[in-house]
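The exercises below are to be worked through in order.

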Amino acid sequence: MSLPLRTVLPLLVCGLCVSSCFWLDNLPRASGECTGTHLGRRVHWPLLEESSLVHRSVQGELPDTFIDLDYTPEEEPALEGFGVDIHLVDGARVEADRTVDLLSRQGQLVPAEPSLVARWVGNIGGASGYLSSPGVPVEGSVTLDEVTEFAAEGRFVYRYSDGSELTCTFEVIEASDE
């Protein structure tokens with residue numbers, strides 16, 4: 001028994017849609033790593049899959065778009081939750097590499113000039129900030145290779161006074177509302 005083309009074609013389209021949805025749901029949400037030296041030791045810290053591009057809007061406040069990055073410092077319990085929140089100007093989009101220098105001021109890193117990076121927040125554990133040793137990086141930079149409404153890709157570099165240097169890469173997608 002053969003089915004008419006009018007029946008087969010919709011069934012084929014539905015099957016392709018279901019399989020592509022399954023495939024998309026199983027794509028990694030985030031990838032990246034921090035490599036380099038920290039306190040004189042070579043490190044390799046993978047990016048947590050929960051890292052994402054976040055669009056937050058609270059009634060009565062300006063919309064906030066930021067890249068929430070959390071890395072897994074292997075064998076470094078004091079660094080649990082190492083990461084950053086890269087706050088972007090409203091509607092930020094990048095199609096080609098854009099680098100913003102970060103300077104150490106009053107115990108934090110700040111963008112060197114007004115740019116698409118509105119604010120930089122370093123994180124350790126569940127709190128904002130940096131460890132006392134090696135302290136706040138003396139300088140850094142963030143390069144955004146691509147930023148769209150749905151994804152962000154780039155890297156940031158931290159340079160510390162003790163000579164340590166970390167290069168952290170990221171590729172994240174928009175946080176889901178699950």
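**Exercise 1.** Leaving aside its neighbours within four places in sequence, which residues is Ile86 in contact with?

Solution. The model is predicted, so local features need pLDDT of at least 70 and side-chain atom pairs count only at pLDDT 80 or more, while totals for chains, interfaces and linings use all residues. Residues are numbered from 1 along each chain as its sequence is written, and side-chain values use heavy atoms, with hydrogens and water left out.
- Step 1: Contact means heavy atoms within 4.5 Å.
- Step 2: With that cut-off, the partners of Ile86 are Thr65, Phe66, Ile67, Leu69, Val117, Arg119, Trp120, Val142 and Phe170.

**Exercise 2.** Find the residues of the largest nonpolar core that touch the most other members.

Solution. 
- Step 1: A nonpolar core is a set of buried Ala, Val, Leu, Ile, Met, Phe, Trp, Tyr and Cys residues joined through side-chain atoms within 4.5 Å. Buried means under 20% relative accessible area, exposed over 50%, and partly exposed in between (1.4 Å probe, protein chains only).
- Step 2: The core has 34 residues, and those touching the most other members are Ile67, Leu69, Tyr71, Phe82, Ile86 and Leu144.
- Step 3: Strands supplying at least two residues each include β5 (64-70), β6 (83-88) and β11 (139-147). Strand β13 gives the most, with 4 residues. Helices (H or I, at least four residues) and strands (E, at least two) are DSSP runs, numbered from the N terminus.

**Exercise 3.** Locate the disulfide and state why it is right-handed.

Solution. 
- Step 1: A disulfide is a pair of cysteine sulfur atoms within 2.5 Å. The whole structure holds 1 disulfide.
- Step 2: Its partners are Cys34 and Cys168, with sulfur atoms 1.9 Å apart.
- Step 3: Cys34 lies in strand β2 (residues 33-38) and Cys168 in strand β13 (residues 165-173), 134 residues apart, so the pair links distant parts of the chain.
- Step 4: The torsion about the S-S bond of Cys34 and Cys168 is about 110°, and therefore the disulfide is right-handed.
- Step 5: Cys34 and Cys168 are both buried.

**Exercise 4.** Is Ser52 buried or exposed?

Solution. 
- Step 1: Ser52 belongs to strand β4 (residues 52-56).
- Step 2: Its relative accessible area is 3%, so Ser52 is buried.
- Step 3: Beyond four places in sequence, the contacts of Ser52 include Arg29, Phe66, Val172 and Ala175.
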